[in-house]
Amino acid sequence: LLEGIVLVAINPYEQLPIYEQDVIYAYSGQNMGDMDPHIFAVAEEAYKQMARDEKNQSIIVSGESGAGKTVSAKYAMRFFATVGGSASETNIEAKVLASSPIMEAIGNAKTTRNDNSSRFGKYIQIGFDKRYHIIGANMRTYLLEKSRVVFQAEDERNYHIFYQLCASASLPEFKDLGLSKYFYLPA
């Protein structure tokens with residue numbers, strides 16, 4: 001039997017003080033329902049159940065393009081880094097997302113709703129030791145939207161990487177790649 005908590009979050013498209021360090025500490029150790037609904041409440045519940053039941057936990061972040069899925073995942077990771085060891089020492093959020101610019105270039109495109117829309121799913125696995133301190137993380141991608149390579153709707157763009165490569169085609173280090181042959185993309 002699967003059961004869980006559902007949180008509906010709205011992307012405000014700006015930084016709000018509801019994600020600061022003091023808010024993490026306010027939700028840490030609290031029971032679900034004792035505080036207002038928040039991504040930190042969901043993260044705390046998963047963390048508590050992992051520690052209590054010694055079972056893996058999952059948080060699924062889903063939504064439409066531009067809904068704030070990546071930002072919500074970052075806030076959950078920030079929560080785990082803070083309660084699962086020193087955030088300044090662990091810095092798991094920065095380490096896990098260090099590959100993000102490369103991933104975004106390869107897997108993000110312009111849609112009618114979002115100029116930098118992720119066209120793939122991300123699975124982030126965070127490892128904890130026996131004291132429930134973060135010891136590492138792994139990020140995998142899946143479901144890359146292959147149709148975008150050959151077709152884009154009006155006012156949309158292909159993956160950023162194609163435009164970046166074509167714009168760099170004249171650089172000496174890219175000369176042997178034959179990028180100038182791809183005339184269907186603006187250089």
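This report covers confidence, the nonpolar core and an annotated site in a predicted model.

## Basis and confidence

Residues are numbered from 1 along each chain as its sequence is written. Local features need pLDDT of at least 70, side-chain atom pairs count only at pLDDT 80 or more, totals for chains, interfaces and linings use all residues, and side-chain values use heavy atoms, without hydrogens and water.

pLDDT is the predictor's confidence in each residue, from 0 to 100. The protein chain averages 82, and 87% of the residues score at least 70. By element, helix 1 has the highest mean pLDDT (95) and helix 4 (residues 87-90) the lowest (55). Helices are DSSP runs of H or I, at least four residues, numbered from the N terminus. Where pLDDT is low, the predicted coordinates should not be read in detail.

## Nonpolar core

A nonpolar core joins buried Ala, Val, Leu, Ile, Met, Phe, Trp, Tyr and Cys residues through side-chain atoms within 4.5 Å. Buried means under 20% relative accessible area, exposed over 50%, partly exposed in between (1.4 Å probe, protein chains only). The largest core has 19 residues; Tyr27, Ile39, Phe40, Phe79 and Phe80 touch the most other members. Helix 1 (21-27), helix 2 (39-53) and helix 3 (69-83) each give two or more residues to this core. Helix 3 gives the most, seven.

Contact means heavy atoms within 4.5 Å. Beyond four places in sequence, Ile39 contacts Leu7, Tyr19, Ser72, Tyr75 and Ala76.

## Annotated binding site

An unreviewed UniProt entry places a "binding site" at Gly63, Glu64, Ser65, Gly66, Ala67, Gly68, Lys69 and Thr70. Such annotations may be inferred rather than shown by experiment.

Glu64 sits in the loop between helix 2 and helix 3. Glu64 counts as exposed because its relative accessibility is 52%. Lys69 lies in helix 3 and, at 28%, counts as partly exposed. Leaving aside neighbours within four places in sequence, Glu64 touches Lys69 and Arg113, while Lys69 contacts Val61, Ser62, Gly63 and Glu64.
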